[in-house]
Amino acid sequence: MARQGVLGVLATVAALLSFVSAAERQPDLHDRRAAYMRAHFSDAIRTHDAVARGDLDAARAHAQRLAAHQPEVPFPTGWAAFSTLMINAAREIEGAPRLELAARSTAVLLTRCGECHQAQHVVARVARHLEDAAPAATAMREHQAAADLLLIALVEPSASSWDQGAQSFSRIRLPRDDMPNRQLRARALIGDARFTAFAAAAAEAVRPPDRARVYGRVLSTCAGCHREHGVESWGPDRRPPP
Ligand code: HEC
Ligand code: HEC
């Protein structure tokens, strides 16, 4: 009798456990949408970092993956238009004949993320995903951090992050003494002048297309110098998990 009682309890526990795991297999809509977005984020960052390194081929490959994302999650009406705009920007990167054009389209892509978030009244907290993947303390950490403030500002979107990024760029200088040769030291001087000018332009830019234009130039300047050294050796290479 007592034994049957124990078996009964065990059966109930087993039933409960299988119920719980079934619930886990079917996460709610919010979690599934968030997971879909994190996959976007991952591919968008990998595209972005490849452009910043001056690696056009890698950027194209990552953008191609991003453009091929198909939502398995039901999206409310109204999302489709934003999704299409984002995919168009990804396709532009995929087909970009030059690094400068890829940089411009990458900035547009990030702006598209932010435009949908704003329309959907979500602030996509991307900073925490980015922090995990940020490079360790390096000579260029200030430039990476300043560029990331602008990137976060476009994606979330966040006006205060944009302002902080613009302020950083007006203040920081490239580590000229660390540059391996004279050409690069000269290039760092030009880079500093450009970043100062972009900081002023960023402070004026409010509309997403204007911000995209400024960020595209910033990214293009990072890319141009890193490319000098041959691709894949300089610049950020973060791989956030999808
Ligand atoms: C079609 C509209 C739309 C587009 C385009 C879009 N997002 Fe989102 N995003 C959302 C919505 C809505 C949420 C909130 C989802 C939820 O939590 O239910 C979200 C949430 C997020 C999150 C937070 C996920 C989490 O862990 O909570 C990240 C990160 C994100 N988006 C990144 C991006 C990036 C990067 C892009 C562009 C490459 C992008 N999104 C493009 C609508 C969009
Ligand atoms: C004037 C040339 C130049 C410009 C412009 C430039 N970088 Fe760099 N970058 C370098 C050099 C040189 C290295 C390699 C430094 C080293 O290994 O000591 C480097 C390396 C890096 C790294 C790898 C980590 C490190 O410090 O080794 C990151 C990340 C980085 N740059 C980010 C950026 C970002 C973001 C921008 C644009 C906002 C940028 N860089 C603009 C020359 C430049």
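1. Read from one end of the sequence to the other, the protein chain runs α-α-α-α-α-α-α-α-α-α. It has ten helices and zero strands, where helices (H or I, at least four residues) and strands (E, at least two) are DSSP runs, numbered from the N terminus. The model is predicted, so local features need pLDDT of at least 70 and side-chain atom pairs count only at pLDDT 80 or more, while totals for chains, interfaces and linings use all residues. Residues are numbered from 1 along each chain as its sequence is written, and chains are lettered from A and ligands numbered from 1 in the order in which they are written.

2. Some totals for the chain come next. Of the 242 residues in the protein chain, 35% are buried (20 or more other C-beta atoms within 10 Å of the residue's own; exposed is 12 or fewer, partly exposed is in between, and C-beta atoms are placed from the backbone). Among contacts with a separation of 6 or more, 71% are between residues 24 or more positions apart; a contact means that two C-beta atoms, placed from the backbone, lie within 7 Å.

3. Now the helix pairs. Helix H3 (residues 56–67) packs with helix H4 at an angle of about 155°, their axes 8 Å apart. Axes here are lines fitted to C-alpha atoms, for helices over the stretch in contact, and angles run from 0 to 180 degrees between N-to-C directions. H3 and H4 are therefore roughly antiparallel (angles under 35 degrees count as roughly parallel, over 145 as roughly antiparallel, 65 to 115 as roughly perpendicular and the rest as oblique). H3 passes H4 in a left-handed crossing, which is one where the near helix is turned anticlockwise from the far one by less than a right angle; clockwise is right-handed. On the H3 side the contact uses Ala59, Arg60, Ala63, Gln64, Leu66 and Ala67, and on the H4 side Ile87, Ala90, Arg91, Ile93 and Glu94. By class that gives seven nonpolar, one polar and three charged residues (Ala, Val, Leu, Ile, Met, Phe, Trp, Tyr, Cys and Pro count as nonpolar, Asp, Glu, Lys and Arg as charged, and the others, Gly among them, as polar).

4. H7 and helix H8 (residues 159–171) pack at an angle of about 155°, with axes 8 Å apart. That makes H7 roughly antiparallel to H8, and the crossing is left-handed. Ala145, Ala146, Leu149, Leu150, Ile152 and Ala153 of H7 meet Ser161, Trp162, Gln164, Gly165, Ser168 and Phe169 of H8. This contact has eight nonpolar, four polar and no charged residues. In the loop between H7 and H8 sits Pro157, joined to Glu156 by a cis peptide bond with omega about -10°.

5. Helix H5 (residues 99–119) packs against helix H10 (residues 208–228) at an angle of about 140°, with 7 Å between the axes. H5 and H10 are therefore oblique to each other, and their crossing is right-handed. Their contact holds nine nonpolar, five polar and five charged residues.

6. Please also look at His121, in the loop between H5 and helix H6 (127–133). His121 has a positive phi of about 55° although it is not a glycine. Is His121 buried or exposed? With 6 C-beta neighbours inside 10 Å, His121 counts as exposed.

7. On to the ligands. Around ligand 1 there are 23 residues, of which Ala34, Met37, Cys113, Cys116 and Ala124 come nearest (a residue is near a molecule or strand if its C-beta atom, placed from the backbone, lies within 6 Å of it). Helix H2 (29–53), helix H4 (79–94) and H5 are the elements that give two or more residues to this shell, and H2 has the largest share, eight residues. The shell around ligand 1 divides into 14 nonpolar, six polar and three charged residues.

8. Ligand 2 also has 23 residues around it, with Thr138, Met140, Gly191, Cys222 and Cys225 nearest. Helix H7 (141–155), helix H9 (182–204) and H10 each give two or more residues to the shell around ligand 2. H10 gives the most, five residues.

9. Finally, Ala52 lies in helix H2 and is buried, with 27 other C-beta atoms within 10 Å. Leaving aside neighbours within four places in sequence, Ala52 is in contact with Leu219, Cys222, Ala223, His226, Gly235 and Pro236. The C-alpha atoms of Ala52 and Thr221 are 8.3 Å apart, although 169 residues separate them along the chain.
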